[in-house]
Amino acid sequence: MSVFAGLVERLADLLQPLFGLSAAAAAIVLFTAFVRLLVHPLSRAAARGQKAKARLQPKIAELRRRYGRNPEKLQRALLDLHTREKVSPLAGILPSLFQLPAFFLLFYLFSNTTIGGRPNELLGHDLFTAPLGGRWADALGDGGPLGGAGLVYAGLFAVVVAVATFSYRLTKRSMAANPALTGTGSGAGSGSGGGRGGGKGGGVTEPAAVPGTGAVAKVLPFLSFFTLVTVAVVPLATALYVVTSMAWGVVERAALHR
């Protein structure tokens with residue numbers, strides 16, 4: 001911990017001529033960018049995996065329909081399907097898992113008054129007028145929402161809302177392109193072959209809906225907005241990491257899924 005704290009201090013010293021008292025905050029932004037660059041290969045693999053999963057949804061829905069009353073057979077069938085298609089069910093969450101250590105590292109560094117038995121000098125750094133070790137509740141108690149620290153948080157909240165809104169639109173677009181993921185697939189044939197005659201012809205079969213996805217589909221587009229809660233309760237340095245990583249992730253997602 002003390003080694004990383006020293007690295008942040010040295011990076012802040014290098015950035016001080018450009019960013020002044022907010023040099024440590026700039027160092028955290030650069031650290032976040034470095035972490036996201038390291039994780040980028042996993043993000044690319046996750047994007048490929050999600051596209052492959054979307055193609056598999058009709059097959060997954062059919063397996064759920066066939067083995068819905070036998071969970072053991074269903075799990076084996078799903079595992080076999082993913083193995084045959086070389087799709088990892090965990091691909092989508094690996095980028096987030098690999099970022100957790102960085103999140104907790106910053107949370108620890110800016111939540112403790114001592115590091116390695118010495119006073120934590122990182123707590124003396126600010127983002128404009130808001131201490132990097134402070135929280136939103138501290139800002140509200142010191143000047144209120146329109147005080148210096150309160151306005152810093154207002155700016156972060158505004159960025160989160162803007163990025164979350166963009167993420168919401170991306171998610172809705174992705175779900176509209178994959179009806180089986182939203183629980184809207186009917187699984188029924190349509191076209192001239194239906195009706196009373198039940199003729200032979202030409203109906204088009206839509207992908208069956210994956211059971212249980214309807215409720216998830218309603219909540220999923222709004223998940224990014226819950227970042228507001230995280231930003232409000234963690235130290236400002238950690239909140240800065242979260243907001244920077246969130247903005248990077250949404251832009252990266254838009255590029256990889258275009």
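## Notebook: loops, helices and contacts in a predicted model

I began with phenylalanine 128, which has its place in the loop between β3 and β4 (130-131); helices (H or I, at least four residues) and strands (E, at least two) are DSSP runs, numbered from the N terminus. I note here that the model is predicted, that local features need pLDDT of at least 70 and side-chain atom pairs count only at pLDDT 80 or more, while totals for chains, interfaces and linings use all residues. Residues are numbered from 1 along each chain as its sequence is written, and side-chain values use heavy atoms, with hydrogens and water left out.

Most residues other than glycine have a negative phi. Phenylalanine 128 counts as exposed because its relative accessibility is 60%, where buried means under 20% relative accessible area, exposed over 50%, and partly exposed in between (1.4 Å probe, protein chains only).

I then turned to the loop between β2 and β3, where glycine 124 has its place. Histidine 125 is found in the loop between β2 (118-119) and β3 (126-127). Is histidine 125 buried or exposed? Histidine 125 is buried, since its relative accessible area is 18%. Leaving aside neighbours within four places in sequence, I found histidine 125 in contact with Glu9, Ala24, Pro131 and Leu132, contact meaning heavy atoms within 4.5 Å.

After α1 comes glycine 20, whose phi is positive, near 60°.

I repeated the length check on α4, whose 16 residues should span 22 Å at 1.5 Å a residue, and the end C-alpha atoms are 24 Å apart, which agrees. A kink of about 30° lies at leucine 100, shortly before proline 101. Which residues of α4 are buried? They are Pro95, Gln99, Ala102, Phe103, Leu105, Leu106 and Leu109, and they pack against α1, α2, β1, α9 (227-233) and α10.

**Entry 4, α2 with α10.** I looked up how these two helices meet: their axes come within 9 Å and cross at roughly 35°, axes being lines fitted to C-alpha atoms, for helices over the stretch in contact, with angles that run from 0 to 180 degrees between N-to-C directions. By class, the contact of α2 with α10 has 13 nonpolar, six polar and four charged residues; Ala, Val, Leu, Ile, Met, Phe, Trp, Tyr, Cys and Pro count as nonpolar, Asp, Glu, Lys and Arg as charged, and the others, Gly among them, as polar.

Within helix α10 (residues 236-256) I picked out threonine 244, which is buried because its relative accessible area is 18%. Not counting residues up to four places away in sequence, threonine 244 touches Val29 and Thr32. I also noted leucine 38, which lies in helix α2 and counts as exposed at 56% relative accessibility. The C-alpha atoms of leucine 38 and phenylalanine 98, which are 60 residues apart along the chain, are separated by 9.4 Å.

I found lysine 218 in helix α8 (residues 213-219), where it counts as exposed at 65% relative accessibility. Its C-alpha atom is separated by 9.7 Å from that of lysine 172, 46 residues apart along the chain. For the chain as a whole I noted 10 helices and six strands, with buried residues making up 39% of the 258 residues. Residues 24 or more positions apart account for 68% of the contacts with a separation of 6 or more.

How values were computed
The expected span of a helix is 1.5 Å times one less than its number of residues. The bend at a residue is the angle between axes fitted to the seven residues ending there and the seven starting there.
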